[in-house]
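Please open the structure in a viewer and keep the selection tool at hand.

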Amino acid sequence: MTARPPSENPSEPQPPLPANGVPAPADEAERAAPTASAASAASAASAAKEGKEAKAAKEGKAGKSGKAEKAGKSGKAPKPARSAKSANPANPAEDAGTHPEPAREAGGHVVRPAPPLADSDRHRLLDGSHHDPHAVLGARPGKAGVVVRALRPYARAVTVVAKDLRAQLHDDGDGFFSGVLPWRKVPEYSLLVRYGATADETDEVEVRDPYRFLPTLGDLDLHLIGEGRHEELWRALGAQPMVHEGVTGTRFTVWAPNARGVRISGDFNYWDGTVFPMRSLGSTGVWELFVPGVGEGALYKFDITRPDGSHTLRADPMARRTEVPPSTASIVTEAHHVWHDEEWMAHRGEVPMHEAPFSVYEVHLASWRPGLTYRQLALQLPAYVKDLGFTHVELMPVAEHPFGGSWGYQVTGFYAPTSRMGTPDDFRFLVDALHRAGIGVIVDWVPAHFPKDEWALAQFDGRPLYEHSDPSRAEHPDWGTLEFDFGRTEVRNFLVANAVYWCEEFHIDGLRVDAVASMLYLDYSREAGEWTPNEYGGRENLDAVAFLQEMNATVYRRCPGVVTIAEESTAWDGVTRATHHAGPGGFGGLGFGLKWNMGWMHDSLDYVSKEPVHRKYHHGEMTFSMVYAYSENYVLPISHDEVVHGKRSLVSKMPGDWWQQRANHRAYLGYMWAHPGKQLLFMGQEFAQGAEWSEGHGPDWWLLDPSYTAEADHRGVRDLVRDLNAVYGRTPALWQRDTVPEGFSWVEGDAGEDNVFAFLRFDAEGAPLLAVSNFSPVVRHEYRIGVPEGISGWTEVINTDAGRYGGGDVFNLDALKPEAVPAHGRPASVRLTLPPLATLWLKPV
């Protein structure tokens, strides 16, 4: 047989290689390695043996001699006791071949003891404060072969398995196992970990070694994270199932710059993170580990060693799925939903939202039909909303939150739809169903603050991280929560990427941003001395301004057709102005598409809550909104906030008996739908629910049960809402020029004694719609209203007093012909019969 050169297959056993790479006999290689003195080695081994046996006796366990006896019974050579520490403490990094313990046999080749692990590395790995576990764990070439070291707490034995080699590593104590294997370079290998006392297969688990892999994040990801410009942050941080270097597993990454160490704890390691310390990826503060064999459905948290050495177990800030509260673990997940909303997505951005019909039904998903899952809601909600003619739904926050009573406004899982109703794919299914029904989806988004739960974001890595380091800036004075540090680039990136995430991953069509005013002002709900002015001496939070501008600019650039909506309750200049257009105060616009008109809401509700006899003294509250109507692009909101906590439902705010309350309710809705601005109505108000909303039981659907005696009263109001939306949708005058003065003209704005309002709306071609509201409880006959010239007649298209809505059926039956009688500054007029507590819409014949 002719001799052959050493195999090029690294998985085949090879003689150890010296520095020059030429194979050498095993004995020569052994002689080339430095050795420790025999006295020192013997002394260390003896001391370690005595210490271990004493400890074992104290704990009532078998010592090394007992282990050797068991090994002998299983057919394996007994393993003599040795020190868990270096044989030569003065030189813990010496190469293989120095350990006094005899070598093992592996496939006919010698398995030598590995260099002793430095005490500092050992202690840092065990207490979770090692920043680079890959430097000491895993496999790496050495002078005498490949050094393999594993940390497997509670294991009885660890065996390295490769193509043609099976080698049991030496037990170094404290869960460490190591050896030097006769390879020239590191092959593909796995670890066979035995936990039982015997070699029974049921006691063994074969795993891939997490510490043999290169980092899963590249330099570009790390650079963008460091710059705070990673617009797809969810693809870089969190738990991502993937195939890495040909192996299936999950990449775990987390931003924790103040941590001394981070470990992964989960149901796949019995919630003991010792086995999975993560490595720090430099100055970015990102920690990373690829764990083979872990996939979808696995529960996990991050075990973080704080700067003071204490530990905290934290949910993943980037988790895409969580356990159902009150459980708090994060869940490994990935998307599998196949979208069927291509047509919707292709056309949703064709018309700017402020020039399009936009009628919104606000929903709290968990209580709309209590107990329904996302998929069950997908069978009912789209059909209901489409039947009523709303163009969009607005969902109160769906991001994960621990306390249901917060309605979702205290978020802990910013990247995870709440698991109360299903999985993230189930939520995608609901959005898809709404889109296929022709309904847009807006979600409430809460970047202003977050709760203090000790397992979530608060002092995440032991120091203020997501919150401001100044307690006076971090504490939200109203809600017992913490405010984000908008000036920190990584925090701003976390939030901007989150906005993009909802739009791109869940096809969301709009973000309604909660509590914007609390972000914009340093003195929000703070007294003098409780806040510090900005660098210019003002009260504006410049960091928050920059964040909102960046968020809006990024969302509009990346997500065509998406609209952002601000809940902003002050007169901040330029909420819906473009970010590059500076206003009188020197600030660029915030860049929102729309803004809730909180002033209109408060003023109009105050007016209609008054007895009609007193309304003349508050007439200006209904007309004042037109003074500033074109300062922003507005939404008129009757939201959840107006029908809870003692504020009463919309119909219950109205004065009078039950008939008058419903009549006022209907007249108000007619006025609202005709007023410049888009409209939003909270669930339950579309059928005049009398009780306040409660997240515990949701709308009172029983009011629409045909067996209920007053069912017709509630059904009539809902029929009106359906008709308002239908006429609104096919009448461009009501939405096409919402944001420009040319779309509106007062006809009668000063009839306080009559409680009457009349105005015209115009579309882009000048076609008008006439809206007249009578907020008095009397019929007004022959009421003259000025109208534009050139129109031969007017006909009612909406009358909120119609009998089918529950009204008195006071109508203008025939088309109204204009007369050449001047009125309200116009050369022509019509004479109307105005029903009591009613709104009329009239269009040209």
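Select E567 first: this residue lies in the loop between β27 (563-566) and β28 (594-596); strands here are DSSP runs of E, at least two residues long, and helices are runs of H or I, at least four long, both numbered from the N terminus. The model is predicted, so local features need pLDDT of at least 70 and side-chain atom pairs count only at pLDDT 80 or more, while totals for chains, interfaces and linings use all residues. Residues are numbered from 1 along each chain as its sequence is written, and side-chain values use heavy atoms, leaving out hydrogens and water.

E567 is buried, with a relative accessible area of 13% (buried means under 20%, exposed over 50%, partly exposed in between, with a 1.4 Å probe and protein chains only). Beyond neighbours within four places in sequence, E567 has contacts (heavy atoms within 4.5 Å) that include R512, D514, W596 and D641.

Next, select D514, in the loop between β26 (510-513) and α12 (516-520). D514 is buried as well, at 8% relative accessible area. Among the residues it touches, not counting those up to four places away in sequence, are Y409, W445, M519 and E567.

Which positions does UniProt mark as "active site"? The unreviewed entry names D514 and E567; such annotations may be inferred rather than shown by experiment.

Finally, select C503 and C559. The structure holds zero disulfides (pairs of cysteine sulfur atoms within 2.5 Å). The cysteine sulfur nearest to that of C503 belongs to C559, 4.5 Å away. C503 is buried at 2% relative accessibility, and C559 is buried at 3%.
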